[in-house]
Structure formats: structure tokens, C-alpha cells
Amino acid sequence: MSDDESLITPAMEAAIGSEGEPRVVTIDKELVQRLMHALGEDDADLIAAVESGDTSYPVPTYALLTTSTSQRQLTVPDAPERALMAADAWEVKADIHLGDTMTIVPRLADISERIGGRVGHSLFINHEWVYTNQDDVEVARVRRTVTHFKARHTGE
Amino acid sequence: MALTYDDLQEGTELPIEQRTPTTEQVVAFCDATGNQGPQFLDPEFAKEKMGLPGPILPGNMKQGFLDQYLRRQFGQQQITRLQLNHRRPDLHNAELTIGGEVTRTYDLDGRRMADLEVHIDNPQGDRSVRGAATVAFD
């Protein structure tokens with residue numbers, strides 16, 4: 001394949017817009033605490049609220065990261081194996097609390113490509129997850145752009 | 001003390017903060033998030049398979065640091081948007097410099113809002129993350 005030949009195959013194009021099975025998760029106190037520790041959290045009010053299991057205290061959006069394994073990333077056919085995250089985005093619409101039960105729906109939002117750049121010819125695949133809580137309120141949209149490439153990364 | 005809407009105008013620079021995430025923190029992060037990607041934990045894999053200088057920070061760990069940074073600046077105000085472009089990998093045990101700047105203040109449906117540019121620089125002064133955020137004030 002020449003470097004200027006598109007990496008976007010018909011199978012990839014067909015997959016754009018597809019949705020995966022919903023998954024249901026709970027914002028878990030212990031996982032949030034472990035995450036706070038990993039991030040070196042020092043907000044005393046937040047630490048106390050989480051420690052006490054306060055389900056009325058809004059926790060940081062980063063609490064959604066504890067549900068990462070349930071953000072099932074849809075398989076994209078023909079995508080090169082080497083991959084790195086290119087971008088992450090959160091759009092937050094409502095507060096998040098310990099004990100919230102979230103339904104996560106994954107979606108393959110779109111695919112683009114770029115010739116050149118640090119890793120040569122690469123694909124940019126946009127995955128999206130919509131979080132809806134137990135009250136049927138859309139709480140957040142999480143979007144991740146993953147770049148797939150064939151060349152080795154330079155580390156630059 | 002948290003910044004208020006009245007503290008902000010276009011061009012207002014947010015305080016700079018530093019973080020140096022250790023390998024132990026990366027392991028704890030991967031444990032809490034269930035993200036066991038070998039590029040974050042395995043030096044050999046990072047070098048041989050990915051062509052990276054060593055294991056790197058998960059991109060969403062840097063998202064966590066930026067979310068935390070914004071909460072430090074704005075307290076309980078809601079961060080309604082946080083977007084990051086990962087421009088360079090960051091290595092374990094390297095100092096990250098986190099900062100930001102106000103790009104716009106405005107009213108939206110009666111709510112006071114501020115748009116921000118946010119970033120993370122590596123120890124060489126290169127921008128490893130460039131991003132944007134929006135804060136909604138009560």
C-alpha cells in the first residue's frame with residue numbers, strides 16, 4: 001500500500017455510527033477513593049465526603065474514569081494495531097455522585113485520516129460514550145480519539 | 001481560595017501547578033480504572049513494541065489531573081467541558097507543569113460561563129497536552 005492510499009476501508013466506513021450494547025455501572029466509593037489516591041487528591045472536603053459515602057456530594061468528573069473498563073471501545077475493522085490516544089473530551093451535563101447507576105452506550109462516532117505528522121499516515125477514530133443516570137438524566141458524553149498507525153512512534 | 005467569575009476576563013492566566021506522577025501512582029491509576037495497557041506499565045513493551053522511550057502516563061490520567069487542577073481553581077463550580085489533545089507522551093516520574101488562561105467570559109441562558117485554554121508542559125517545556133475547558137458559575 002502506498003503512503004497516500006486511504007487507510008479507511010469500506011468495512012470501516014460501514015461501521016461509522018454503529019452503537020454497542022449498553023452497560024450498567026455504579027460509581028463505586030472504593031474505586032473513586034483509589035483513583036483520588038492515584039491522582040494525589042488533597043481536597044479535604046471531597047476526601048471527607050467520599051470517605052463518609054456521602055451520596056449527595058458532587059464528585060469530580062474524573063470519577064467517570066473508574067468506569068473505563070465499561071467504556072467498551074467498539075472494534076474497528078482493519079485498523080492498524082499500533083494505537084495511542086490522540087484526544088479525550090468530556091461534556092458534562094449534570095452532577096455525578098457516589099452510588100449513581102449509569103447506563104453507558106458506546107458509539108463509533110467517526111473516522112478520519114492524516115498523511116504526515118509524527119507517526120506518518122494515521123487514522124483518527126472517534127469513540128463516544130453517553131452516560132445516563134438512574135433518573136434517566138444524561139449526565140455526560142465522553143469522547144476519545146484514538147490514532148492508529150503503522151510506523152513506530154518517535155516518542156517526540 | 002477559589003476564583004470567581006468576577007476574577008476572570010479574557011487573558012487572565014490561571015496559577016501554574018506542578019505534578020510529578022510516580023510509577024506507583026500510574027500503577028494505582030491503572031488499577032482504579034482497570035486500564036492495564038502495557039504501554040503504561042511495561043518498559044520493554046513501551047520501547048520494543050511502541051517505539052517509546054519508556055512507559056507513559058495514560059492519556060486519561062492527564063485528563064484527571066486537569067479536572068483536578070480546574071476544581072482547585074474554581075472549587076465547586078461545574079466544569080461542563082474538558083477537551084484534551086494529546087500531543088506528546090509523558091513519561092513516569094517527570095514533572096508536569098499545568099496551567100491555563102481565560103479565552104472568553106459570557107452569559108449563556110442566564111448562566112455565567114468562562115472558556116479556558118488549558119495545557120500540560122513536559123520538563124523540556126514542550127506542550128504535551130493542549131486543551132480547552134468551560135466553567136459554569138452558579
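Trainee: In which kind of crossing, left-handed or right-handed, does helix 2 of chain A pass helix 1 of chain B?

Mentor: Good place to begin, and keep in mind that this is a predicted model. To judge handedness, look at how the near helix is turned relative to the far one. Here, helix 2 of chain A makes a left-handed crossing with helix 1 of chain B.

Trainee: Which residues make that contact?

Mentor: From helix 2 of chain A come A:Leu31, A:Arg34, A:Leu35, A:His37 and A:Ala38. Helix 1 of chain B brings B:Gln25, B:Ala28, B:Phe29, B:Asp31, B:Ala32 and B:Thr33. Sorted by class, this contact has six nonpolar, three polar and two charged residues.

Trainee: At roughly what angle do the axes of helix 2 of chain A and helix 1 of chain B cross?

Mentor: They cross at roughly 160 degrees, and the axes come within 8 Å. Angles over 145 degrees count as roughly antiparallel. Helix 2 of chain A and helix 1 of chain B are therefore roughly antiparallel to each other.

Trainee: Which residues are buried in helix 2 of chain A?

Mentor: This helix covers residues 29-38, and its buried residues are A:Leu31, A:Val32, A:Leu35, A:Met36 and A:Ala38. Now look down the helix axis: these buried residues fall within an arc of 160 degrees, so they line one face of helix 2 of chain A. Their packing partners are helix 3 (44-51) of chain A and helix 1 (23-33) of chain B.

Trainee: And what are the buried residues of helix 1 of chain B?

Mentor: They are B:Val26, B:Ala28, B:Phe29, B:Ala32 and B:Thr33.

Trainee: What follows helix 2 of chain A?

Mentor: A:Gly40 does, with a positive phi near 65 degrees. Just after helix 1 of chain B, you can find B:Gly34, which has a positive phi of about 70 degrees.

Trainee: Let's zoom out. How many residues of chain A are in contact with chain B?

Mentor: There are 31 residues of chain A in contact with 33 residues of chain B. On the chain A side, helix 2 and strand 2 (82-92) are the elements that give two or more residues. Strand 2 of chain A gives the most, with nine residues. By class, this side has 14 nonpolar, nine polar and eight charged residues.

Conventions:
Residues numbered from 1 in each chain as written. Chains lettered and ligands numbered in written order. Predicted model: local features only at pLDDT ≥ 70, side-chain atom pairs only at ≥ 80, totals over all residues. Buried ≥ 20, exposed ≤ 12 C-beta atoms within 10 Å, placed from the backbone. Helix = DSSP H or I, 4+ residues; strand = E, 2+ residues; numbered from the N terminus. Arc of directions from axis to C-beta. Contact = placed C-beta atoms within 7 Å. Axes fitted to C-alpha atoms, helices over the stretch in contact; angles between N-to-C directions. Parallel < 35°, antiparallel > 145°, perpendicular 65-115°, else oblique. Nonpolar A, V, L, I, M, F, W, Y, C, P; charged D, E, K, R; others polar.
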